[in-house]
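Biologist: Before I rely on any description of this model, I would like to hear what stands behind each of the words used for it. Could we look at it together and take the terms one by one?

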Amino acid sequence: MPPSEHELRLRERLGRLRSLPLLGGARISGELERLQRQIARIGEEATDEEIWRKVELARHDDRPYTLDYVERLLDDWFELHGDRALGDDGAMIAGLGKLEGRTVVLVGQQKGRDIHERASRRFGMPNPEGYRKAWHAMELADRHGFPVISLVDTPGAYPGVVAEQHGQGAAIARSQAVMARLTVPAVACVIGEGGSGGAIALALADRVLMQENAIYSVISPEGCAAILWRDAGQAKKAAAAFRPDAVHCLELGVVDEIVPEPHGGAHIDHDMAARLLGHALRESLAELDGIPGDDLRRRRRARFRSLGVFA
Amino acid sequence: MAKIDVSVETDDQPSPPPSHPNTCPSCHSHYRDDELERSLWVCEQCGHHFPMRARPRIASLVDPGSFTEEATDLHSEDPLGFFDLRPYTERLAEAEMKTGLADALVIGRAAIEGRQCELAVMDFAFMGGSMGSVVGEKLSRACDAAAEAGMPLIAVTSSGGARMQEGILALMQLPKTVAAVEDLHDSGNALLCVMAHPTTGGVLASFATLGDVVLAEPNALMSFAGPRVVQEITREKLPDDFGRAEQNLRYGQIDAIVPRPELRPTLSRLLRLFDAPE
């Protein structure tokens, strides 16, 4: 069942409250607590099956990928292939386009539709070259005052021998560092799988959105199950324990807003999914308009520096 | 809430456990506790670096009596109500008892051969050196302390990655520490990183690789994905030195490999080069 209007409004308000750095951590206002309780009630109804359904929807073969949104949301799209060092990573897309007449830089992981494209795009798992391509494009955006949009959709960074030799960990760190330095607005949206370090590399943004049926987690359900149960088949149990769903991420203040999808999921109607995403992206960018670059950067860092729970 | 066992992830030794912790896994030489302590836990026969705990590490690096610990009151919470074989809270309490530490990172002000610095040292014995909210917060505070005092931050890492028991908030410690390091960089003060075995996953993919200078101990594993995962997913044959410090040096990922006995003089020289206050 899709979330009601009321629930979406509630989540949005909570998201906004959460995004105020002063309200992070233990110091939460009465209103925030009240909203949290309401969300908790809604959240309680998510059963293990429902959470697993989100995982399935997030990975649905027909779910729109980054380029499906590019096609529908951006005019004059020009793809930038080069990482200026080693190679063109098909698992990462970067490019320039016009969003309602305004030039933006868009980066995002890209999965493949058919078996050949899946292999060539490595199922959306970037190598260090891919992250370098993305940060190169984001640095370009910073030089020219273009906002950055990042669409996150990856099971994780590619765990390969050559990827490690080329510095996979350092590439993920560097990509985040580049985002932490941007003086232009940056909006990230998790549009499918937000898998661990491979995802966060593109998500250190001013506004972090998440589609209704996307997932965002520290480890994939299968990875978790393989480690904990030594059986990847127990992924359903693992997902239920981690709650990688959007409501949970909103509750924790990890994302600012949930982007609705067409009834039944984004795969049912790509055009409608793109319209809803486009609306959310434009709204977020409008909110960030006019904020001086130094302030943006300071607030962005403060937002992420406030995340965590400790006593 | 489903019950999951994360003991495998956090309590495993980085390499197959030797018959005895004091037996060198490489050449099988055996040492008494006091012998290992004297050699800084380095095998005198073959140079193998045994794991080194945070407190002896600090003692081996800093001028006697110069270390003032900070943020000792920070403790982890259990935001997910996480339960594996036992509750996360119980595992935390056990780790605290076992290690005498409040979490997997110790921070504080110190001096090395008369030069001042901020120091952050991880301890693998505390839940595999995993990074949760407390590690992220302490590292961030260490960055701020170094920036405010106008001195370099030295970070010695040893970690299996993000602490799974804290879920997505553990992942958020990556951008948190990256943001803190960028604040430190903006203040004009240096970050000097030393990676000890193992530094993998989320710590490698955040502050550990963002140092102005990045050092590693001999044979330290420094891979984003663990060898087992890479093997399983790719079915590739792994090189013998997969993800090790030597491979990382060869591929230009780090600046130098420094054997443990040379670490103090090396850091001292770097502190002089970065004009750390006396």
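Biologist: Which residues of α11(A) are called buried, and what makes them so?

Modeller: This is a predicted model, and in it the buried residues of α11(A) are K237(A), A238(A), A239(A), A240(A), A241(A) and F242(A). The word is used for a residue that has 20 or more other C-beta atoms within 10 Å of its own, so each of these six must reach that count. Since six of the eight residues of α11(A) are buried, the helix is described as mostly covered. It is followed by R243(A), whose phi is positive, near 50°.

Biologist: How do you know which elements of chain A belong to the side that touches chain B?

Modeller: Residues count as being in contact if their C-beta atoms lie within 7 Å, and by that rule the contact takes 44 residues from chain A and 56 residues from chain B. On the side of chain A, at least two residues come from each of several elements, including α7, α10, α11 and α14. The most is given by α8(A), with nine residues. The residues on this side of chain A divide into 28 nonpolar, eleven polar and five charged.

Biologist: What makes a set of residues a nonpolar core, and which residues have the most contacts inside the largest one?

Modeller: The members must be buried residues of the nonpolar kinds listed for a core, joined through C-beta atoms within 7 Å. The largest such core has 177 residues, and those with the most contacts inside it are M138(A), A188(A), C189(A), M210(A), L153(B) and V178(B). The element that gives the most to this core is α8(A), with eight residues, while domain 1 and domain 2 of chain B each supply at least three. As a general background, nonpolar side chains tend to be buried together in soluble globular proteins.

Biologist: What does V178(B) touch, leaving aside residues up to four places away in sequence?

Modeller: From chain A it touches A173(A), Q176(A), A177(A), A180(A) and L204(A), and from chain B it touches S206(B), F207(B) and L210(B).

Biologist: Why does the radius of gyration of chain B agree with that of a compact globule?

Modeller: For 278 residues a compact globule would have a radius of gyration near 19 Å, and chain B has 18 Å, so the two agree. Along its principal axes the C-alpha trace of chain B spans about 55 × 45 × 40 Å, and buried residues make up 53% of the chain.

Biologist: Why are β1 and β7 of chain B said to stand at the edges of their sheet?

Modeller: The open sheet has seven strands in the order β1-β2-β3-β4-β5-β6-β7, with mixed pairing. Each of β1 (68–70) and β7 (256–257) has a single partner strand, so one side of each is left without a neighbour in the sheet. Elsewhere in this sheet, β2 (residues 105–112) and β3 (residues 115–122) of chain B pair in the antiparallel sense over eight bridges, and R109(B) stands opposite E118(B) in β3(B).

Terms used: Residues numbered from 1 in each chain as written. Chains lettered and ligands numbered in written order. Predicted model: local features only at pLDDT ≥ 70, side-chain atom pairs only at ≥ 80, totals over all residues. Pairing = 2+ DSSP bridges. Helix = DSSP H or I, 4+ residues; strand = E, 2+ residues; numbered from the N terminus. Contact = placed C-beta atoms within 7 Å. Nonpolar A, V, L, I, M, F, W, Y, C, P; charged D, E, K, R; others polar. Rg over C-alpha atoms; globule rule 2.2 N^0.38 Å. Buried ≥ 20, exposed ≤ 12 C-beta atoms within 10 Å, placed from the backbone. Domains from an automatic or database assignment.
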